[in-house]
Amino acid sequence: MDRVLITFDRDPVSISEKFKSGQYAFVPGLGENLRKRFIGSPFFKEFPILRNHTLVSNAEKFPMSSRDFRKAVFLSLDREKILKRSGIQASISKSMIPFPLSGSEEFLLPRSNLEVAKRHLSNAGVVQGKGLKIRLLTRIDPANVSVAEEIRDQLQKSLGVTVEVEALPEKEFGIFANMNEFDLILVGWSAKVRSPEDFLRPYSPMASNSRLRYKSQTYQDYLEEGMGAILSKDSSLAFRQAQIEYLQTEMVLMPLLDEKFAVLQSAGLNGLQFNHMGFPILNHLMFQSKAVGRPKKMKR
């Protein structure tokens, strides 16, 4: 290749037109508009990346300090509806470890059950419709706001609690999170390394920047056991037990979505890959210049 042009373009209409006309060989990180335009077409590709979205409770404050109340909240959520409203390309999380890492294949999360959720709500001493308010903190970007609003709507309808969504810019979000000014918080995590433990350590009692306000020595012991194990099967078993402590026994958080990386890729581009953080790998790229964007007839 004689020249590589990288363009920063945020206009969905412009991107769509330029891709179809052959000006863009590939477009990474598609927003909802472009995803809807191209999903189902031969140019729409998905790449697995290690990024997930999780709903975390503040178990230091009432009402989230009540295990029954936490279970009422998490068991009442329909994550299929959350995915549909999110506007991102993703799959429903099975555990704290996203696909395709080892341990992601097992479903460790309890399934939604509104009847059981209401029993836990009653056990927590909360009466539906009696003015209880909980604060849900999120970043201000559209995907997170959509997820937060769907969670709000479901909790208000199912449990009769008032949920206030606070969507903040990144700096303010960090300040309010550090001040403990939330009952629920939406967090996202992208792995720095391809390892299951990289998704478990942020919720350790020892983590300096954890959004989870809960201390569990049981979780910490299993986490350390898994990190120190020599055999992968022993590591996987310890990590599984650590997750059961948080996802089933205490139910202090709920992984929601494992994100996928949506890309537009022209017909003439082969060998395009992305690493686990969504950065392109161009080492083995092959490019046929006459077949960019919409397929064209080749001149003889």
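Which residues does S76 touch, not counting residues up to four places away in sequence? They are S112, L114, A117, Q154, L155, S158 and L159. A contact here means heavy atoms within 4.5 Å.

This is a predicted model, where local features need pLDDT of at least 70, side-chain atom pairs count only at pLDDT 80 or more, and totals for chains, interfaces and linings use all residues. Residues are numbered from 1 along each chain as its sequence is written, and side-chain values use heavy atoms, with hydrogens and water left out.

## The chain overall

The chain has 9 helices and 11 strands. Both are DSSP runs numbered from the N terminus: helices are H or I with at least four residues, strands are E with at least two. Along the principal axes, the C-alpha atoms fill a box of roughly 80 × 50 × 35 Å.

Of the 300 residues, 48% are buried. Buried means under 20% relative accessible area, exposed means over 50%, and partly exposed is in between (1.4 Å probe, protein chains only).

Take the contacts between residues at least 6 apart in sequence: 74% of them join residues at least 24 apart.

The chain carries 43 positive and 33 negative side chains. Lys and Arg count as positive, Asp and Glu as negative; His and the chain ends are not counted. The centres of the two sets lie 8 Å apart. Each charge is placed at NZ of Lys, CZ of Arg, CG of Asp or CD of Glu.

## Around S76

S76 sits in the loop between α3 (67-75) and α4 (79-86). S76 is buried, with a relative accessible area of 5%. Its side chain reaches the backbone oxygen of V73 at 2.8 Å. A polar contact is a pair of N or O atoms within 3.5 Å; within protein, one must be able to donate a hydrogen and the other to accept it, and residues adjacent in sequence count only if both atoms are side-chain atoms.

## Strand pairing

Two strands pair if DSSP finds at least two bridges between them. Strand β7 (253-265) is mostly covered, with 12 of its 13 residues buried.

In β7, P28 is bridged to V263, and P48 to K260. S91 stands opposite D258 in β7. In β6, N52 has W189 as its bridge partner, while L137 has I185.

## Helix α1

Helix α1 covers residues 12-20, and S14, I15, S16 and F19 are buried there. Their cover includes β1, α2 (32-38) and β7. At the start of α1, a side-chain oxygen of D11 comes to within 3.2 Å of the backbone nitrogen of V13. After α1 comes G22, with a positive phi near 95 degrees.

Most residues other than glycine have a negative phi, and most peptide bonds are trans. Which residues depart from the phi pattern? N180 has a positive phi of about 70 degrees although it is not a glycine. N180 lies in the loop between α7 (170-178) and β6, and counts as buried at 18% relative accessibility. M251 is likewise not a glycine, and has a positive phi of about 50 degrees. M251 lies in the loop between α9 (232-249) and β7. At 4% relative accessibility, M251 counts as buried.

Cis peptide bonds also occur. One joins F62 and P63, with omega about 10 degrees; P63 is in the loop between β2 and α3. Another joins F99 and P100, with omega about 10 degrees. P100 is in the loop between β3 (90-92) and α5 (114-123).
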